[in-house]
Each structure stands twice: as structure tokens, then as C-alpha cells.
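Hi,

Here is the structure I promised to send over.

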Amino acid sequence: LGYRQDVLTMPRKVSPIERTIPPQPWYLDNTASVLLPGILPFGAAFIEAAFILNSVWQGRVYTMFGFCALIFVILVITTAEACIVMAYLQLMHYDYHWWWRSFSTGASYGFWLYLYG
């Protein structure tokens, strides 16, 4: 089956010369595009993190694991949405170096949680 198919032709030629990235707005700067989107998931999970950290610091046992699982699901969803929005904004501004910044955008929630803890 695979050898009977016609060879695919590319619709356009790819140039070996990289395109220049146009000037980016302030919110797409390296530090801003990594640190600012992490505030959104941190805000979604802030109260639960406060309860967990207070129980750890005061030596009590945390017993609301169902609520903690729900907050984890909300955290995963908001982190994914923040990564998708930032990758979309970077691609809309012709920034083809988006892949490491999109990974760091998702990891920035951990940075904000570390600063809080």
C-alpha cells in the first residue's frame, strides 16, 4: 500500500536562511513571557497551597485529599491554557523560537509556588 502511493511534493520551498524575528511587544520578552503566565495557575491553586503548607508547618495532618485532587485538575487545565495562549501569541508575532519558552511558561507555576513557600 505505501509504495503504491505517489510521492508527496512540498507546496513551498523551504529557505535555508532564517527569517528575522520582528520586534516583540513587552509581554513577549523572554522573562515576561515566562514569569507572567505562571501567576494565573498560582492564583487558581493559592488557597489550597496555603492550607497544605499551613498543615505542614504546624505539624497537622491534611485530610481533604478529594478537594486537593480537584485543585490539581484545575491547576493542570489553567497551566495548559496559559501555555497555549503564550505559544499562540509568540507564533502570531512570527517568533519561531517559541518551544523552550512554552515549556518554561508551564514550569513558572513551580517558581511562583517556590517563592510563596
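**Cysteines and the helices around them**

C68 is partly exposed, with a relative accessible area of 24%; buried here means under 20% relative accessible area, exposed means over 50%, and partly exposed is anything in between (1.4 Å probe, protein chains only). C83, at 18% relative accessibility, counts as buried. You'll find zero disulfides in the structure, a disulfide being a pair of cysteine sulfur atoms within 2.5 Å.

Before going on, some housekeeping: this is a predicted model, where local features need pLDDT of at least 70 and side-chain atom pairs count only at pLDDT 80 or more, while totals for chains, interfaces and linings use all residues. Residues are numbered from 1 along each chain as its sequence is written, and side-chain values use heavy atoms, with hydrogens and water left out.

**α2 against α3**

Helices and strands are DSSP runs numbered from the N terminus (helices: H or I, at least four residues; strands: E, at least two). Helix α2 covers residues 39-57 and helix α3 residues 65-92; their axes come within 8 Å and cross at roughly 160°. The axes are lines fitted to C-alpha atoms, for helices over the stretch in contact, and the angles run from 0 to 180 degrees between N-to-C directions. α2 and α3 are therefore roughly antiparallel to each other (over 145 degrees; under 35 is roughly parallel, 65 to 115 roughly perpendicular, and the rest oblique).

Who touches whom? On the α2 side L40, P41, A44, A45, E48 and I52 make the contact, and on the α3 side F67, C68, I71, I74, L75, T78 and T79. Contact means heavy atoms within 4.5 Å. By class, the α2 contact with α3 has ten nonpolar residues, two polar and one charged. The classes are: Ala, Val, Leu, Ile, Met, Phe, Trp, Tyr, Cys and Pro nonpolar; Asp, Glu, Lys and Arg charged; the others, Gly among them, polar.

**α3 against α4**

The axes of α3 and α4 come within 9 Å and cross at roughly 150°. That makes α3 roughly antiparallel to α4. From α3, L75, T79, A82, C83, M86 and Q90 meet R101, S102, T105, G106 and Y109 of α4. The residues in this contact split into five nonpolar, five polar and one charged.

- T79 sits in helix α3 and counts as buried at 16% relative accessibility. Leaving aside neighbours within four places in sequence, T79 is in contact with P41 and G106.
- G106 lies in helix α4 and counts as partly exposed at 24% relative accessibility. Beyond neighbours within four places in sequence, G106 is in contact with T79 and C83. G106 and P41 are 65 residues apart in sequence, yet 9.1 Å apart in space, C-alpha to C-alpha.
- S33 is in helix α1 (residues 30-35) and is buried, at 0% relative accessibility. Setting aside neighbours within four places in sequence, S33 is in contact with Y27, L28, M86, Q90, R101 and T105.
- Y94 belongs to the loop between α3 and α4 (99-116). Its phi is near 60°, a positive value in a residue other than glycine. Y94 counts as exposed, at 57% relative accessibility.

Cheers
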